[in-house]
Amino acid sequence: MTSTPTEPRPAAGEHRVARGLAGVVVDTTAVSHVDPASNSLLYRGYPVQELARDCAVEEVAWLLWHGELPDPAELEGLAHLERSERFLSPLVEATVDALPRSAHPMDVLRTAVSVIGSEDAGRDSSAEADLARSVRLFAQLPTVVARDRRRRLGLGPVPPRDDLDHAANLLWMTFGEAPDPVVHDAFQVSMVLYAEHSFNASTFTARVVTSTLSDLYSSVVAAIGALKGPLHGGANEAVMETLAEIGSAAGTEEWLERALGERRKIMGFGHRVYKHGDSRVPTMREALDRLVEHTGRQDLLERYEALERGMTARTGILPNLDYPAGPAYHLMGFETETFTPLFAVSRIMGWTAHVLEQRADNALIRPLSEYVGPGERHR
């Protein structure tokens, strides 16, 4: 038997509640930020569009972990170490192969990271040890994603090569042939653009877990779980699903009118951080245009442009990085379900950079909440 509350329900609004932590600054970071003056995403001070144009993925990884771009000797050392870490252990291989093919590829990736972590018997939580773990995950996540993709298609795994750079090796393991230069360059651009984005949902999740003094692998597993959601990493998959649903450029207006009338969220548009459009989009759009020219898929570009025009005209909402990235991955030959794991393969650089930063000057992340349930009551 229950009784009525003994006191009235507390009034909401006693404290300012920022749902989703919108607009709340919770800590400092030196890893990246969006410069309000230029509306540009900066990695350690460098505009990301310049890094995507001029740098290999390995250089960007070093920058995010160490704060400066590598000199030739440092880059060679990282490349040698990363290439030596690309092979999975027999246990990780067996685990990936044993998982249901019906499982989402992000579930496979999350499980693989747990197994990789379980094999690391070291209890050393120093910055040097965590940096070594960061390089290991940077090297092995592509191997996991490529192996999982091939087994879903009934194909045998393609082992890593130590004579290819990071981006080219992933494409080799995925498709079993040397990557076309246009595809390689576009893929490397996408990896640099996706590498880091300050306190996004998955990165903040990783920092929360790290703040409890849990291990780096646990932080990355949690980040993968956050990235899987369609409001975060899964958005690039949703973009391609939307374009497939539209079918043709001619049907875009009718589709968009119906979707907006049903109050559907159109994925790939809008961003909480950018006020004047996502600064990464022009660079990724240039890569998409090169892929369209290379593959002759003007039909896909026509749908892409028709939806962008319609959304801008009707809502004023501009595309984010996921909008050009989804079609670009499609033209590279990736299946839609692989798009979010490719995001994770890139974002591992940013996640681990933030884990290292959080641990270096840690404070337990434990926000308050405003209670709006019943007041004290008794049975």
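Predicted model: local features only at pLDDT ≥ 70, side-chain atom pairs only at ≥ 80, totals over all residues.
I started at L307 and listed what it touches: T242, L243, I246, T252, W255, L256, F269 and Y323, not counting residues up to four places away in sequence. Contact here means heavy atoms within 4.5 Å. Residues are numbered from 1 along each chain as its sequence is written, and side-chain values use heavy atoms, with hydrogens and water left out.

Next I looked up the core around L307. The largest nonpolar core has 91 residues, and L307 is among those with the most contacts inside it, including Y43, F187 and M332. A nonpolar core is a set of buried Ala, Val, Leu, Ile, Met, Phe, Trp, Tyr and Cys residues joined through side-chain atoms within 4.5 Å. Buried means under 20% relative accessible area, exposed means over 50%, and partly exposed is in between (1.4 Å probe, protein chains only). Which helix gives the most to this core? I found that helix α16 (residues 339-360) does, with 11 residues. Helices (H or I, at least four residues) and strands (E, at least two) are DSSP runs, numbered from the N terminus.

**Q358**

I stayed in helix α16 and picked Q358. Is Q358 buried or exposed? Q358 counts as buried, at 1% relative accessibility. I noted its contacts, leaving aside neighbours within four places in sequence: D27, R207, T210, S211, A363 and I365. I also checked Q358 against P327: they are 31 residues apart in sequence and 35 Å apart in space, C-alpha to C-alpha.

**The annotated site**

I then turned to the UniProt record. Its unreviewed entry has the annotation "active site" on H271 and D322. I kept in mind that UniProt positions are given in the numbering used here, that feature names are shortened, and that annotations may be inferred rather than shown by experiment. The two residues are spread over 52 residues of sequence, yet they cluster in space, with a largest C-alpha distance of 10.5 Å.

H271 lies in the loop between α12 (252-261) and α13 (281-295). H271 is partly exposed, with a relative accessible area of 30%. Its contacts are H197, D278, R280 and N320, leaving aside neighbours within four places in sequence.

D322 lies in helix α15 (residues 322-332). D322 counts as buried, at 9% relative accessibility. Leaving aside neighbours within four places in sequence, its contacts include Y194, H232, P327 and F343.

**Salt bridges**

Side chains of opposite charge can pair when their charged atoms come close. A salt bridge is a side-chain nitrogen of Lys or Arg within 4 Å of a carboxyl oxygen of Asp or Glu. By this rule the count is 24 salt bridges.

I wrote down three of them:

- R53 pairs with D54, and their closest N and O atoms are 2.9 Å apart. R53 is exposed, at 61% relative accessible area.
- R110 pairs with D107, with 3.2 Å between the closest N and O atoms. They are 3 residues apart in helix α5 (residues 105-118), so about one helical turn separates them. R110 is partly exposed at 31%, whereas D107 is buried at 17%.
- R147 pairs with E93, with the closest N and O atoms 3.6 Å apart. R147 is in helix α6 (residues 127-152) and E93 in helix α4 (residues 90-98), so the pair ties together parts that are 54 residues apart in sequence. R147 is buried at 15%, while E93 counts as partly exposed at 26%.

I also found a network of salt bridges that links E85, D120, D130, R133, R136 and R359.

**R152**

Back in helix α6, I looked up R152. R152 is buried, with a relative accessible area of 16%. Leaving aside neighbours within four places in sequence, R152 is in contact with R101, A103, H104, P105, V108 and E337.
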